[in-house]
Amino acid sequence: MPLGKKGMTMKTKEIVDEMTMKRAITRITYEIIERNKHLENIVLAGIKTRGVYIAKRIQERLKQLEGIQVPVGELDTKPFRDDMKVEEDTTSMTADVNDRDVILVDDVLYTGRTIRAAIDNIVSLGRPARVSLAVLVDRGHRELPIRADYVGKNIPTSRTEEIIVHMNESDGKDSVLLLDANEAK
């Protein structure tokens, strides 16, 4: 069994497999199409690291379904976090965000602190017309008043559980794991 935080043994369960992840990303893409009349005004901003991979997959699906190439940028939230001290900002946004509909993309929505930092980063780059949020997994436990506009899977968790997202681009496979310290014996 894998070790979690503080060296605790964790029980692991796969809750999303490759096909389910693909369907969730496709569902998010269809919702983006349905809710945005002007797709050419969209900029996808993936939150490093796995949010970037998800944003690129949404970009590809938009191209397949609508024949449109929307820009994808990479947001580094660490310099904008209130719980970290990082000086270097590795954000890479080639598209202008001014007067654009920016969709932040991340793998897991938990407390909302990463999303707050992402919003701060986007605002430092310009003034978007609108900012919305797409996440692969919403696990609950918000500490800030933030909600996702597009959700692949709602997976209620306890605070003793962790959600681990594996993406083919970085981990060699697509899956979402639930790790639970309470169930490990």
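This passage describes the overall fold of a predicted model and then turns to its salt bridges, an aromatic contact and a surface patch.

The protein contains four helices and eight strands, and these elements follow one another from the N terminus in the order β-α-β-α-β-β-α-β-β-β-α-β. The radius of gyration is 17 Å, close to the 16 Å that the globule rule gives for 185 residues, so the protein is as compact as a globular protein of that length. Along the principal axes, the C-alpha trace spans about 55 × 40 × 30 Å, and 48% of the 185 residues count as buried.

The count of salt bridges in the model comes to 13. One of them joins the side chains of Glu31 and Arg35, with an N to O distance of 3.3 Å. Both residues belong to helix α1 (residues 18-35), where, being four residues apart, they are separated by about one helical turn; Arg35 is partly exposed, with a relative accessible area of 45%.

A further salt bridge is formed by Lys48 and Glu74, whose closest N and O atoms are 3.9 Å apart. Since Lys48 lies in the loop between β2 (42-47) and α2 (50-66), whereas Glu74 lies in strand β3 (residues 72-75), the pair ties together parts that are 26 residues apart in sequence. Lys48 is partly exposed, at a relative accessible area of 32%, and Glu74 is likewise partly exposed, at 26%. These two residues are also linked with Lys56 in a network of salt bridges.

Another salt bridge is found between Asp101 and Arg130, with the closest N and O atoms 3.7 Å apart. This pair links distant parts of the chain, as Asp101 is in strand β4 (residues 101-109) and Arg130 is in strand β5 (residues 130-138), 29 residues apart. The two partners fall into separate accessibility classes: Asp101 counts as buried, because its relative accessibility of 14% is under the 20% cut-off, while Arg130 is partly exposed, with a relative accessible area of 38%.

With regard to aromatic side chains, the structure holds zero aromatic pairs.

Notes. Residues numbered from 1 in each chain as written. Predicted model: local features only at pLDDT ≥ 70, side-chain atom pairs only at ≥ 80, totals over all residues. Heavy atoms only, no water. Phe/Tyr/Trp six-rings, centres within 6.5 Å; stacked < 30°, edge-to-face > 60°. Helix = DSSP H or I, 4+ residues; strand = E, 2+ residues; numbered from the N terminus. Rg over C-alpha atoms; globule rule 2.2 N^0.38 Å. Buried < 20%, exposed > 50% of the residue type's maximum accessible area, 1.4 Å probe, protein only. Salt bridge = Lys/Arg side-chain N within 4 Å of Asp/Glu carboxyl O.
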